[in-house]
Amino acid sequence: MLSTSTPNLSSPPFFIFFINMHIPSLEILRTVPFFHLLTKMALTLRSSISFVNQKETKALKAFDDVSATVSFAKIKPSSRIQVKNSAREASHHQTHQRDEQREKVHAPSVAHHDNHNVSKRVPVYVMLPLDTVTMGGGLNKPRAMNASLMALKSAGVEGVMVDVWWGLAEKDGPLKYNWEAYAELVQMVQMHGLKLQVVMSFHQCGGNVGDTCSIPLPPWVLEEISKNPDLVYTDRSGRRNPEYISLGCDSTPVLKGRTPLQVYSDYMKSFHDRFRNYLGSVIVEIQVGMGPCGELRYPSYPESNGTWRFPGIGEFQCYDKYMKASLAAAAEAIGKKEWGTSGPHDSGKYNQFPEDTGFFKREGTWNSEYGQFFLEWYSSKLLDHGDKILASAKGIFQASGVKLSGKIAGIHWHYKARSHAAELTAGYYNTRFNDGYLPIARMLAKHEVIFNFTCMEMKDREQPGHANCSPEGLVHQVKMATKMARVELAGENALERYDADAYAQVLSTSRSDSGNGLTAFTYLRMNKKLFEGDNWRHMVDFVRSMSEGGRRQRLSDADSRGSDLYVGHIKGTQREKSQEAALV
């Protein structure tokens, strides 16, 4: 019989440990004791799950299809659990009435322009693994995914986020789309009563922080790049970066007769047409990829092959022929032809510090007339790129009921330096004397696009002193910029964190006490470690706290891990990755 006893609200779902392991681990799912444990987990928090009656559960089948033993009812305004036991109907009816009153207080937030309401509910989403869809075009480990989604639903998570990779969906040739694996995922997400954030991922996967698999651009695109290497970003030494098509050729028909902007638009139109019946109901947000890692930026700090290491300043990416032509035209237009022959000659190399260079040092040429010209051109090209892609996305999705978002990188190292060198090379013209995030926020606001920002979990004290970091200062600046531009702000954590201290920091930054609060938070990322012991308890408590506007104070302010976390430098990272790899 199914247990109807009240479980520990923060009990970890140990049945999820197989999430990244081989499918043979699913043998555990074929046992009656396991199903009893799974049932208790599904009762962890109030959810929309409705269990089948006891007679139906006696004949347990293999876990090839969770729906064989568990049915998922449509989401109702109430969040009560309806256990089909006639002896409990009366008490559950009373609970239902109380829950309906409670939900009036915690209704999902729509906008955060009203900053007087500091207790708005902040829905939490969880990013799915990067390889959720395989290179062969199938859904990866669907049974494990099914069980994982059940656990997330039980914890009160609003939904999940998935990358829809250009390199997979349009792999077979121009305009030849394969959405079937994503369709299977959408239906699974719907079955569990969850929502879905979809990323239009026009970049490659692999070579950056957190990349655990390799998904290149479509083969037919790589073929065009091999013929014309200037289609990708290029640094001063001539190093090509195949992560993303250079924005310099946005409007040039270089991809078998289409421009990159046309290719992105056709891709989004096809997705819209395939999933029109789910848009606005199951698929609630489209995050439009606009650069490497899906972020609106230049690939100025590539980790592949050891090119860049934290906390290097990075390098400008303006040396393909299309960018060089644009720079030359901009210089000639103001009568300074000599400024258009190249980027700054004294901007240093990837792993140098600001004071090692003539351009970025305290009194460097970044603040000269030439420096201002170059940085305005470099950053305006990025803004124009984002503006054009988002205008296209808005035209495609505006009547569908989904929200649009754009992701901006949290480049917090050398933030305390006058030049903000690492931000400048990435395309954000943010210095001691110039606000680089307000123009971005205004561009996003123009298209009613959510400003999605990272490093929400970081504290200044966690960063190494020599790197001049200030993630807290950066987040504060972005919160103020989005408030001024009247654009919604959503957040993510930049690195994998499971400790209470990181969650507490997100709770703090989610509030609208200073600048914009968050309309949503997306947690990076779902894997087997998330479902382990204290990690899961912290997650459950975090989701509950976010549902109450970040006002609960149950999370410890102490970091139990003694973490020393920042991009590119995590104690024990290599050892942990090796241990995880052994389990996959």
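This is a conversation about how some terms apply to one predicted model.

Mentor: In this predicted model, local features need pLDDT of at least 70 and side-chain atom pairs count only at pLDDT 80 or more, while totals for chains, interfaces and linings use all residues. Residues are numbered from 1 along each chain as its sequence is written, and side-chain values use heavy atoms, with hydrogens and water left out.

Trainee: Why is Gly348 called buried?

Mentor: Buried means under 20% relative accessible area, exposed means over 50%, and partly exposed lies in between, with a 1.4 Å probe and protein chains only. Gly348 has a relative accessible area of 12%, so Gly348 is buried.

Trainee: What does Gly348 touch, leaving out residues up to four places away in sequence?

Mentor: Contact means heavy atoms within 4.5 Å, and Gly348 touches Arg236, Glu315 and Thr357. Glu315 is 33 residues apart from Gly348 in sequence, and their C-alpha atoms are 7.4 Å apart in space.

Trainee: How do you know that strand 5 and strand 8 pair?

Mentor: Strands are DSSP runs of E with at least two residues, numbered from the N terminus, and two strands pair if DSSP finds at least two bridges between them. Strand 5 (residues 195–201) and strand 8 have five bridges in the parallel sense, so they pair by that definition. The bridge partner of Leu196 in strand 8 is Ile283.

Trainee: Which strand pairs with strand 8 over three bridges?

Mentor: Strand 9 (residues 403–408) pairs with strand 8 in the parallel sense, and Lys403 in strand 9 is the bridge partner of Glu285.

Methods
Helix = DSSP H or I, 4+ residues; strand = E, 2+ residues; numbered from the N terminus.
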